[in-house]
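Open the structure in your viewer and keep the selection tool at hand. The tour goes from one selection to the next and says what is there.

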Amino acid sequence: QVFAVTAAFNFLKSAADFAVLAEGQAAFARSTGIAIKTLSNNIVEATGAQIGFKDASQAAAIGLAAGLNVKQLEDLGKAAKDVSLVLGRDVTDSFNRLVRGTTKAEPELLDELGIILRLETASQKYADAIGKDVKQLTQFEKSQAVANDVLEQSEEKFSKVLGNTDNLGNAVAKLGKAFENDLLKPFQETLAKVLNPTIEFLSNNIIALTAAMALFAVPILKAIVPGLQDMGEAARTAADEAKEAL
């Protein structure tokens, strides 16, 4: 029963997180004109449905805030899939490393993926491409230089090697993500909308919350107390047997 209550609480918390995520995405779309929910679904598709919607959404938000555009984020999703196929890595971990490594320009995050980032080289290459002195690059242009270099390396080292391998991928991972994205997420969002008023009422009314917790606690205590009594009786019996044996 304790396990069931804990599991139910965690499930409801996850459902509430999805509801908050959906509201945040809607607010972001109204403010910027970028449909981050659509972008997240596109990233999931680009990875061959091997990452979850929530992971895609979080990475998309970070990438957009750091200056990456929609196309670059989708390309990073495809790159994560290709890198993982070649190196046998988890796609979600690869995608997070690619996004963080690109937005933060941290070579150590990309080294494990076989992508060697040299900031000076990437900046010089980008400056040459746009006909500008490397010393005059803005911070945004430097971030674009990193993104272009990372995507170019992933294309050369992994995507071209794999060629047309759309059917490759971890079928079990795809099944799990499909369950999460297509079945569990909509159910959790609906559940959160239905239960939110009740949860808010309990949060603001300690007496009602205490009564609700008591409903869970009473059957648990009824199960525990006899067990404690049995343990005490067993201990006394063991002590008596030990005394007689001595």
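A salt bridge is a side-chain nitrogen of Lys or Arg within 4 Å of a carboxyl oxygen of Asp or Glu. Keep that rule for the second stop.

This is a predicted model, in which local features need pLDDT of at least 70 and side-chain atom pairs count only at pLDDT 80 or more, while totals for chains, interfaces and linings use all residues. Residues are numbered from 1 along each chain as its sequence is written, and side-chain values use heavy atoms, with hydrogens and water left out.

**Stop 1: the whole chain**

Show the protein as a cartoon. The secondary structure comes to ten helices and zero strands; helices (H or I, at least four residues) and strands (E, at least two) are DSSP runs, numbered from the N terminus. Of the 246 residues, 30% count as buried. Buried means under 20% relative accessible area, exposed over 50%, and partly exposed in between (1.4 Å probe, protein chains only).

**Stop 2: a network of salt bridges**

Select Arg89, Asp93, Arg97 and Glu112, which are linked in a network of salt bridges. The structure holds ten salt bridges.

Start with Arg89 and Asp93, whose side chains meet at 2.5 Å, N to O. Arg89 is partly exposed, with a relative accessible area of 23%, and Asp93 is partly exposed at 30%.

Next, go from Asp93 to Arg97: their side chains meet in a salt bridge of 3.4 Å, N to O. Arg97 and Asp93 are separated by about one helical turn because they are four residues apart in helix 5. Is Arg97 buried or exposed? Arg97 counts as buried, at 15% relative accessibility.

Now return to Arg89 and find Glu112; this salt bridge is 3.7 Å, N to O. The pair links distant parts of the chain, 23 residues apart: Glu112 lies in the loop between helix 6 (107-111) and helix 7 (119-130), and Arg89 in the loop between helix 4 and helix 5. Glu112 is partly exposed, with a relative accessible area of 47%.

**Stop 3: the largest nonpolar core**

A nonpolar core is a set of buried Ala, Val, Leu, Ile, Met, Phe, Trp, Tyr and Cys residues joined through side-chain atoms within 4.5 Å. The largest one here has 29 residues, and those with the most contacts inside it are Ile43, Ile51, Leu73, Leu76, Phe95, Leu98 and Val150. Select these seven residues. Two or more core residues come from each of helix 2 (36-46), helix 3 (53-65), helix 4 (70-87), helix 5 (91-104) and helix 8 (139-162).

Which residues does Leu98 touch, not counting residues up to four places away in sequence? They are Leu76, Ala79, Ala80, Leu110, Leu113, Ile115 and Val150. Contact means heavy atoms within 4.5 Å.

**Stop 4: helix 5 against helix 8**

Select Leu98, Gly101 and Thr102 in helix 5, then Val146, Ala147 and Val150 in helix 8, where the two helices meet. The residues of this contact divide into four nonpolar, two polar and no charged.

**Stop 5: Ala127**

Finish with Ala127, which is found in helix 7. At 0% relative accessibility, Ala127 counts as buried. Ala127 touches Lys132, Asp133, Val134 and Leu137, leaving out residues up to four places away in sequence.

Technical notes
Ala, Val, Leu, Ile, Met, Phe, Trp, Tyr, Cys and Pro count as nonpolar, Asp, Glu, Lys and Arg as charged, and the others, Gly among them, as polar.
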